[in-house]
Every structure is written in C-alpha cells, then in structure tokens.
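Biologist: I would like to learn how to read contacts and surface features from a model. Please take them one at a time.

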Amino acid sequence: MANKFKVLYYVNQFFGQIGGEDKADIEPMYKEEKIGPAMGFDSNLKGEGEVIGTLICGDNYFNENKEEALEYILNVIKENNPDILVAGPAFNAGRYGMACGEIAKAVVEELDIPVVTGMYIENPGLEVCRSIAIVAETTDSAAGMRKALPVMAKLATKIAKGEELGLPEEEGYIPQGKRLTLFADKRGSQRAVEMLIARLNDKEFKTELPMPEFDTVDPAPAIKDLSKATIALVTSGGIVPHGNPDRIQSASAQKWGKYDVSTIDALAGDYYTIHGGYDPVYANEIPDRVAPLDILKELEKEGYIGKVYEYFYTTTGTGTSVGNAVKFGTEIGKELKEAGVDGVILTST
Amino acid sequence: MKLELRRIHIKDIQLGEETKVKDGVLFVNAEELISHLKEDSRIKDVKVDIARPGEKVRIIPVKDVIEPRVKIEGAGNGFPGVSSKMAQVGEGKVNVLYGAAVVTVGDIVGFQEGVIDMWGEGAKWTPFSKTFNLVVDITPVEGLDPHAHEATVRLAGLKAAEFVGEAGRDVEPDEVLTYEMGSHAEESRKYPDLPKVVYVEMLISQGLLHDGYVYGVNTQNILPTLLHPNEELDGAVISGNCVAACDKITTYQHQNNSVILDLYEQHGKTINFLGVILTPELTTLEGKFRTCDYTAKLCKMLGADGVIVSEEGYGNPDSDLLMICKRLEDAGIKTVLITDECSGWDGASQPLADTAKEAVAVVSTGNVSHVVTLPPADKVIGNAEAISTLAGGWDGSLQEDGSIKCELNAVIGSTSEIGYHNLTVKLY
C-alpha cells in the first residue's frame, strides 16, 4: 500500500530486550527496527501502517531524569515525524506506566501527535494521560499482551486514518472522562419509562448519568479582628458595569471580570446584571441586592471592617461548568491572596 | 376521565383570506389574527410569518411554542384561568391542528429566549424544526416593564393558538387518540397486579419570568399538587418562563408531555399509571424541603411502586431533583430521574450541581453546554443579533457569514428534561 501510516513505538528496557531490573537505569535510545511488542503490534496493523522504529528507555532512568529523557525522546519523534506514537502496554507496572503516561502527555501537548498506550485500570500512569491520549484497557500482567496488541493496533489504525472512535467499552479503551452529547434511538421519556419498568421487574438497567463525586472544602479559620481585615466582594451573580465591557457570558461563563470599586459607595447606578438564570428586574434596580457593596462600604466607614478591597470580582454562575468554576476560583483566589485580602464575601444567586 | 385528541394532520400553513383548514393546509388570515391580538392595549405591533420544515429559515429569539387546538366537546377551551374562563378540563373532545405550532418571538429580558432552525444541522437539535410554525412577533408599547411584557407575550401566544385552533372546529380528524383513566380504585381493580407509577413533573417557579402556571395559578404559590394526566394534555398547564431555551418546558410540550404520553402507552399493560404531581422548584431552602417532603408524601399516600421525576432547568433545581429521589428511594419507591447536564464545552466537568447516592437510575438528555455551529440561514425571522445575549450564546456567536456558534443552551427544546427530544450523553 502506498500510504502506510508511520508508527513510532516506545518500550522500557525489559520489553526492549535490553534486560531486567538491573538495566532499569539505561539512557533512552532509538533503533530503526521493530523490537519486542512493536513486532506483534506491527503485524496487527494488517499492512495499513508500519512501525518505523522503537524508542527504549530504562524505567528508573526515565523517572529519575524525566527532563533529559523527555528531551531526547521528543527530539527523536520530531525528527521522524510519525503519524502516531504507541507506548507500552505497561499493564500494572508503575514506573513503566508513569513513563508511558508522561511521554504520551508531552507528545500530545507539545508535538500534537496522537498517542495510544495500554494500561491496567489501576496503573498510576493512567491519570497522567487518560484525558488526552487513548489508553487501551489491559490486564494487570504481561500475560495479557496477546489480547492487548490487537486492540491497540485497531485503535491506532482508526486514529491514524482520522476515523472517529466508538464508545470506550466497544473499542476497548479506558474512558477519557468526556461526556459527549449524542442522538439516541428513542426519546428521553421513552428511555425513562423503559428504565423504570426494568427496575420494577428487577431486570437489569443502566443509568445514563452516574452520580458525580464532589470535592469538599474545609472552611477557613475565623478572622480574629475584622476591624483590621481587608474584605473583598466576589459574586457569581453576573453583576457587571453597564455595557458589559468584558463580554462575560449570560450563562456558561468562560471568563470572569474585576472592576475598581474603590471610588464608589455602591454598585447601584453603574452596574447591572447579565446573568441569564434569574429575574434581573430587581438586581438591575439595585445590583447591591446581589453583591452588597453598599453595606460593605458602610461597615468600612463605621470601622467594623478594616477595608473593602479595591477590586470587585464577578462572573456568571448559571450553567457554568465546574471545570471553569475551579479555574476561575483558583485565579481569583490567587490574586486576592497576593493582594493580602483577609476575607471574602462570596454571593451566589 | 376520557379525552379524545382528534388530530387533523397539517401539511402546510399559508396566509389566506380566511382562517381555515382545507385538505390538510392551514390558511391564516394574518390581518384578523393581528387585530385580534392588538385588542390587548399593551401590544403595539404584531408581525406574522411562516416557517416550514426544510426551509432555510432561522427563528430567533423564541419565547414559547404552542399547539393550536379547539375543544369541540366537554368543559373548557384553550387555557382555562389564563386566556379563557375557568373550567375543569381533561374530559371531552379536542380537535388538534397536529403538525402546526404557534411560535412567539420577541426580546423579553434578552437572555432567555431561544433559536429554532428549520433545516439542516440546526434542525436536528430542536423538535420544533418538524412543525409548520406560525411565527408571531410581538412588539409591546413603550415603557412596559419586563414582567408586564412577559405576560403580554405569553397571553398573545396562547390567544393566537386559540384563534388559529378554531379553524379545526368542523374538520374531520385524520386520527383519534383516546386517553381514558378512571379513579385509582377503579384502575387498581382492573389492574391489581400491575405496579403503580406516578409522574412527578418539576416546574421552575422562581419568580416572575421563571414560572409555570396551572389553571392560571403561578406554581410558585402552590404546594405540590395532583393532576389527572388528561388535565395537562388538555391545556391546564402552560409555560410562563424565560429560562434557558434548551430545557424550558414550552406550552406545546405541556400539551404533549412526552412522559405522560409514554406512561399512558404502558398503562394497563405493564404499569398502572396513577397520575401527575406538579412540583414547584423554589429558591429557598425552606421551600425546597417543604416541596420535596410534600412530593414524597403524595407518592407514598398514592401507594406508588415507581416514580419518574423530570426536572426543568438546571443548577439549584438539581438539588430538588435529588432530594425528591432520596426521599422516594428511602421509602422503597423505585425512582427514575430525567435531567440534562452542565458538563462544560469539553464535557469534562461534573454534570450536576448536586449529588445523591440514591440516584441510581438517571436518563440524561444532553449537555446544555455542547457547542454547535448552525450554518447561515436564507431568512431570519426575528433578530439574528439576539444570539449574542442569549443564554448559550456570546458576543461573537453570530459569525460574519451569518452562521451561529452557540451552546445547546440556546436551542429550543434541545435537552428537554421531559425527554421530548432524543439526545443523550455517553462517557468517552
């Protein structure tokens, strides 16, 4: 076939046939041949693609000299410019799994070349790369090699040819954690009725939405002397200056804004809400109903609190993903901490 | 109660000199409709337009969708307590202009209306690309506050549907669907061995612009209440809300509530369907405890073996959904939930704002933040620019070539949590 896709393969010292634990500290090397699992993998490509060479590195060397190892490995990959990198499978080997995971992450992020690897579900390397690489699910030991290679080869072939992957359980890879919206054969109400009837008859059913697990945040210790404390005002109520200068979304916010409130005594007059999740009429009349700058400024005058922080932070909470909320919180928190803010009034809607 | 929904299959809508149905074509006299609606002194201007399935037409910003009908036998007509006088509905005969819909258009508060594309990519995402849509664009008089504006447009839509529905009064239907259910005692005698099932329909009831209405009563002011399913199918429940377009229950979806219809389909076969509990979604913690406790109590009093709970909206109502679920499961009642998700653009975020280990059976109707690109339309009814402020759109959503990039949030009925559409979510 004229247009075979090119595969570069990564293995550790053991599968690279250098040696066992005693060779775990060898530096990375590159050979223009198919070594170890690369051979079995290549034969599973059924002529559609070809392994053009094998990268080998000792597990200890990689984990103890990550930067140097990655530099060498990324350079080899850049020079050979393969269509896809395949690593492992690492089964449940922790150091090997970490190497596969770190390499996968670097190759996808820095070279934008797709990666297929294989791991046991408990391999610590999985979390490093599962969201950006495709990780075939394997058994916990190398006894599963013969089963793993055809699955990895099939995944690699599809990706290299630009075909979309099917469901993880159908294709044999570990879910990347992305919840994708698709069309079902039946409308939602029909699926609900069928699910209920299955439950009532003690038949099997499968939820479409496993419950999320939440982080818990311990409350910060109390502020001992409010009269010396700087307090910042932060809201997810979508209160912004008129005209919404930073174009914050009215739902599913992709950003936050901060505005100087050091010279005003209240938000009323200059601010309004762009939040799409509640009746805006009363917030537009007096935006301090959502973010009480007016009261904070009064407390500042009375000396009850030391100071109102000069910037007010805001975004929209409705429909905003937890991923974005975590990002906004981290960014805003960092700024407030660096500014020496002691406490925050955080209002929702 | 016995209700006949007598469907007259509508194959086209055209403007004409007389409002009538002839050979499956609905003709509408636009001038008569406009002057009828302008009897409301709060309305300054009305524009009427038509959008047909397959046409490269975009309708934006859409407030509500209503099915035009006329009641030819039995008490009540239209929407009692709202646009017509009070009556106990759910019994009798209704002629339905099936395949037609009245779509109301107009900025209310600017964030909470949606888009309907009649063709191609966009058509897949909304159930209302398949109806022949009579679009009623309402401009109120100046100086009307948003609440009065919302009420004006809400009433105008309902009145338009009643006005147009009259055209079906003397037309022979193409099919007749009969929905009949006796008292609980009668049904339980008929089906002693079938499991008893209740449908809990949650309605956003969070203040003006975010309310559902039952017989004209704002559901913000009700305790959870029991309905015969026929009542909802016969106009007892309407939408008054301006929440995100993707999962608001439009009036059309109340008239054709898919959970009710699919449960009815199984009634007497695999289940004994006992009825619908309307549950308001309130904003206060006290309100949530009261309504969730009360809902579970009603289910227990009815002797339910299984319950389907559908949500409206997302965010804090996720808590109500899961609180109800926990109470039902703790009482030994098997529960299935229907909800959508807010998993972010990449689908990698937690899907709900709350969690409960009791929620083991959940139908997902899509990620509201799933991003879609809708190609340019040949014709826009309404205002294409509206997308930049709609929930689900942003500044820049409207691209230079006229295409729209937005979240499903902005597409009417896309992630319907009464399961009216066919989206789902899978973990990749």
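Modeller: Start with the salt bridge, defined as a side-chain nitrogen of Lys or Arg within 4 Å of a carboxyl oxygen of Asp or Glu. This is a predicted model, so local features need pLDDT of at least 70 and side-chain atom pairs count only at pLDDT 80 or more, while totals for chains, interfaces and linings use all residues. Residues are numbered from 1 along each chain as its sequence is written, chains are lettered from A and ligands numbered from 1 in the order in which they are written, and side-chain values use heavy atoms, with hydrogens and water left out.

Biologist: How many salt bridges does the structure hold over all chains?

Modeller: In general, side chains of opposite charge can pair when their charged atoms come close. Here there are 44 salt bridges over all chains. One of them joins Glu208(A) to Arg191(A), with 2.8 Å between the closest N and O atoms. Glu208(A) sits in the loop between α8 and β8 (230-235) of chain A and Arg191(A) in helix α8, 17 residues apart. Helices (H or I, at least four residues) and strands (E, at least two) are DSSP runs, numbered from the N terminus.

Biologist: Are Glu208(A) and Arg191(A) buried or exposed?

Modeller: Buried means under 20% relative accessible area, exposed over 50%, and partly exposed in between (1.4 Å probe, protein chains only). Both Glu208(A) and Arg191(A) are buried.

Biologist: Which residue does Arg187(A) meet in a salt bridge?

Modeller: Arg187(A) meets Asp262(B), at 3.0 Å from N to O. This pair crosses between chains, from the loop between β7 (179-183) and α8 (188-200) of chain A to helix α7 (residues 258-266) of chain B. Arg187(A) is partly exposed at 26% relative accessibility, whereas Asp262(B) is buried at 8%.

Biologist: Which residues are linked in a network of salt bridges?

Modeller: Lys326(B), Asp330(B), Lys357(B) and Glu358(B) are linked in such a network.
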